[in-house]
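Biologist: Hi! Could you walk me through this one?
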Amino acid sequence: MQKIGRNVYAENGFRGCNPGFVVTSEGVVMIDTPQMPADAIWWRDEIAKQGPVRYLINTEPHGDHFAGNYFFEGTVVAHQGTREAILAASVEQFKERLKQSDPNSLPLVKDYSYRPPTITFSEQMTLYVGNHTFQLINLPGHTPYQIAVYIPEERVVFTSDNVFCRVQAWLHEAVPHEWLDSLKRLEQLEVDVLVPGHGSICDPSYIREMSAFIQDWIDAVSAAIAQGMSLEEAQEKISFLDRYPMEPGSESMAQFVQHMNVARLYQVLKK
């Protein structure tokens with residue numbers, strides 16, 4: 001766990017997303033939850049040392065950001081699209097994945113259920129909790145429902161998966177051109193620290209590198225389409241595995257992720 005502001009903490013050592021929390025004068029506000037049950041319980045115990053959880057913000061509709069909600073108190077807040085994704089998610093599929101990835105955790109999810117947000121928004125929302133302001137901003141990119149959580153008093157923004165810091169990005173539900181626009185909007189925020197969805201904690205200078213990576217993906221798939229390649233041919237040719245490593249624990253999915261990324265961009269760009 002890293003202390004990245006006067007009252008802000010984040011963790012980038014879990015399998016899955018980088019969750020964090022802010023200690024306010026009226027309790028704790030969490031940003032995302034660990035997906036692995038043992039990690040979630042450890043995180044819950046660490047947070048309890050700082051005070052009760054008032055709000056839990058989920059930044060996107062993928063399970064590595066919301067699967068741990070079950071283990072925490074507090075009002076859950078998210079984009080409406082994230083709520084719909086959580087409501088549609090299968091608990092049995094989650095348990096099946098745990099059987100493969102962490103079978104020892106199955107006793108921890110005996111009575112498990114997903115916990116969807118009870119407060120949602122579409123474009124922008126502001127929470128005032130104690131002496132802190134939380135600006136929740138819909139920034140489409142990695143998915144249409146991505147949100148950034150900007151805490152101006154701390155000069156910190158949680159970018160969710162619109163930023164993968166020097167690890168492979170997943171584009172399987174991306175809206176790529178909107179992603180580039182959203183990264184420009186992130187650059188305009190007055191912050192010193194970025195908490196990316198995955199990878200190392202970084203500063204705003206990394207945003208341009210992230211933008212270049214997304215642009216390179218767009219250019220590569222656009223060129224393949226212009227050359228008349230089929231999807232399968234494009235998947236065989238295009239890979240950015242030489243650019244960044246996979247996150248620890250997901251190395252075996254490297255080629256699968258490249259193929260998914262190509263398939264999504266091929267679908268979006270071939271119009």
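Modeller: Happy to. One cut-off to start: buried means under 20% relative accessible area. Keep in mind that this is a predicted model.

Biologist: Got it. Is Phe-14 buried or exposed?
Modeller: Phe-14 has 10% relative accessibility, so it counts as buried.

Biologist: How many aromatic pairs does a search of the whole structure find?
Modeller: The search gives 14 aromatic pairs. In one of them, the ring centres of Phe-14 and Trp-43 are 5.6 Å apart and the planes are at 90°, so this pair is edge-to-face. Phe-14 sits in the loop between strand E2 and strand E3 while Trp-43 belongs to helix H1, so the pair ties together parts 29 residues apart in sequence. Trp-43 is buried too, at a relative accessible area of 0%.

Biologist: Nice. What about Tyr-70 and Tyr-112?
Modeller: Those two form a tilted pair, 5.1 Å centre to centre with 50° between the planes. They link distant parts of the chain, 42 residues apart. Tyr-70 is partly exposed at 29%, whereas Tyr-112 is buried at 6%. Both belong to one aromatic cluster, along with Phe-66, Phe-71, Phe-94 and Tyr-114.

Biologist: Switching to helices: which residues of H5 are buried?
Modeller: Pro-176, Trp-179, Leu-180, Ser-182, Leu-183 and Leu-186. They cover an arc of only 165° around the axis, which puts them on the same side of H5.

Biologist: And what do they pack against?
Modeller: Strands E10 and E11, plus helices H6 and H8.

Biologist: How does the span of H5 compare with what it should be?
Modeller: At 1.5 Å a residue, its twelve residues should span 16 Å, and the end C-alpha atoms are 17 Å apart, which agrees.

Key:
Residues are numbered from 1 along each chain as its sequence is written. This is a predicted model: local features need pLDDT of at least 70, side-chain atom pairs count only at pLDDT 80 or more; totals for chains, interfaces and linings use all residues. Side-chain values use heavy atoms; hydrogens and water are left out. Helices (H or I, at least four residues) and strands (E, at least two) are DSSP runs, numbered from the N terminus. The expected span of a helix is 1.5 Å times one less than its number of residues. Buried means under 20% relative accessible area, exposed over 50%, partly exposed in between (1.4 Å probe, protein chains only). The arc is that of the directions from the helix axis to the C-beta atoms. Contact means heavy atoms within 4.5 Å. Rings of Phe, Tyr and Trp (its six-membered ring) pair if their centres lie within 6.5 Å; planes under 30 degrees apart count as stacked, over 60 as edge-to-face and the rest as tilted.
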